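Please walk through this fold with the coordinates open beside the text.

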Amino acid sequence: MPTVLRNKGWRVFFYSNEGYEPMHIHGIKGETEVKYWINQKSNMISYANSFNLTPSLKREFEEIILKNLSLIISSWNSHFNYYQ
C-alpha cells in the first residue's frame with residue numbers, strides 16, 4: 001500500500017491491488033478512514049465512503065487532496081503503469 005504523502009496527521013495512500021478500480025485515494029488519520037474517487041481529466045474529486053469522518057476532517061482531507069492532486073495522479077499512474 002504505497003503512501004503518496006503525509007500531511008496534518010493524514011496518511012494519503014492507495015492499495016496496490018486496486019488498480020482495476022477507477023482512480024481513487026484513501027486517507028487514514030487516527031480512527032478515521034476515507035476514500036475519494038479522482039477524475040484526472042477534469043481534476044475533480046468525489047466522495048466514495050468513510051468511517052468516523054467528521055465534517056471538519058472531510059474539509060481538511062479534501063483540501064489536502066486538491067492541493068496535491070498532481071502528485072496523487074502521477075503516483076497512481078506510475079504505480080499502475082498508466083500513461084496518458
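In this predicted model, the buried residues of helix 1 are covered by elements that include strand 1 (3–7), strand 2 (10–13), strand 3, strand 4, strand 5 and helix 2. Helix 1 runs over residues 55–67, and its 13 residues reach 18 Å from the first C-alpha to the last, close to the 18 Å expected at 1.5 Å a residue. Its buried residues are L57, F61, I64 and I65. Seen down the axis of helix 1, the buried residues fall within an arc of 100°, so they line one face of the helix. An α-helix has 3.6 residues a turn, so residues three or four places apart point the same way. On the other side of helix 1, P55, R59 and K67 are exposed.

In soluble globular proteins, nonpolar side chains tend to be buried together. W10 shows how these parts meet. Leaving aside residues up to four places away in sequence, W10 touches L5, G27, I28, K29, T32, V34, L53, L57, E60, F61 and I64. Among these contacts, L57, F61 and I64 are also buried residues of helix 1.

The strands come next. Strand 3 (residues 24–29) and strand 4 (residues 32–39) run antiparallel and are joined by six bridges. Within this pairing, H24 stands opposite W37 of strand 4. The hairpin made by strand 3 and strand 4 has two residues between the strands, and G30 takes a positive phi near 60° there. On to the next pairing: strand 4 and strand 5 (residues 44–51) also run antiparallel, with seven bridges between them. One of the bridge pairs here is I38 with I45 in strand 5. The hairpin of strand 4 and strand 5 has four residues between the strands, and N43 in the turn has a positive phi of about 55°. In a regular strand the side chains alternate between the two faces of the sheet.

Is K35 buried or exposed? With a relative accessibility of 9%, K35 counts as buried, because the cut-off for buried is under 20%. Not counting residues up to four places away in sequence, the contacts of K35 are E21, H24, I25, H26, Y47, A48 and N49. One of these contacts, E21, forms a salt bridge with K35, at 2.9 Å from N to O. The pair links distant parts of the chain, with K35 in strand 4 and E21 in the loop between strand 2 and strand 3, 14 residues apart. E21 likewise counts as buried, at 18% relative accessibility.

How many salt bridges does a search of the whole structure find? The search finds four. In one of them K8 pairs with E63, the closest N and O atoms being 3.3 Å apart. K8 lies in the loop between strand 1 and strand 2 and E63 lies in helix 1, so the pair ties together parts that are 55 residues apart in sequence. Both partners are partly exposed: K8 has a relative accessible area of 46%, and E63 has one of 36%. K8 and E63 belong to a network of salt bridges that also takes in K67, one of the exposed residues of helix 1.

Another salt bridge joins K29 to E60, with 2.7 Å between the closest N and O atoms. This pair also links distant parts of the chain, K29 in strand 3 and E60 in helix 1, 31 residues apart. K29 is partly exposed, with a relative accessible area of 23%, and E60 is partly exposed at 21%. W10 touches both K29 and E60.

S74 is partly exposed, with a relative accessible area of 40%. From S74 to Q40 the separation is 34 residues in sequence and 9.7 Å in space, C-alpha to C-alpha.

Methods. Residues numbered from 1 in each chain as written. Predicted model: local features only at pLDDT ≥ 70, side-chain atom pairs only at ≥ 80, totals over all residues. Heavy atoms only, no water. Buried < 20%, exposed > 50% of the residue type's maximum accessible area, 1.4 Å probe, protein only. Pairing = 2+ DSSP bridges. Expected span 1.5 Å × (residues − 1). Arc of directions from axis to C-beta. Contact = heavy atoms within 4.5 Å. Salt bridge = Lys/Arg side-chain N within 4 Å of Asp/Glu carboxyl O.
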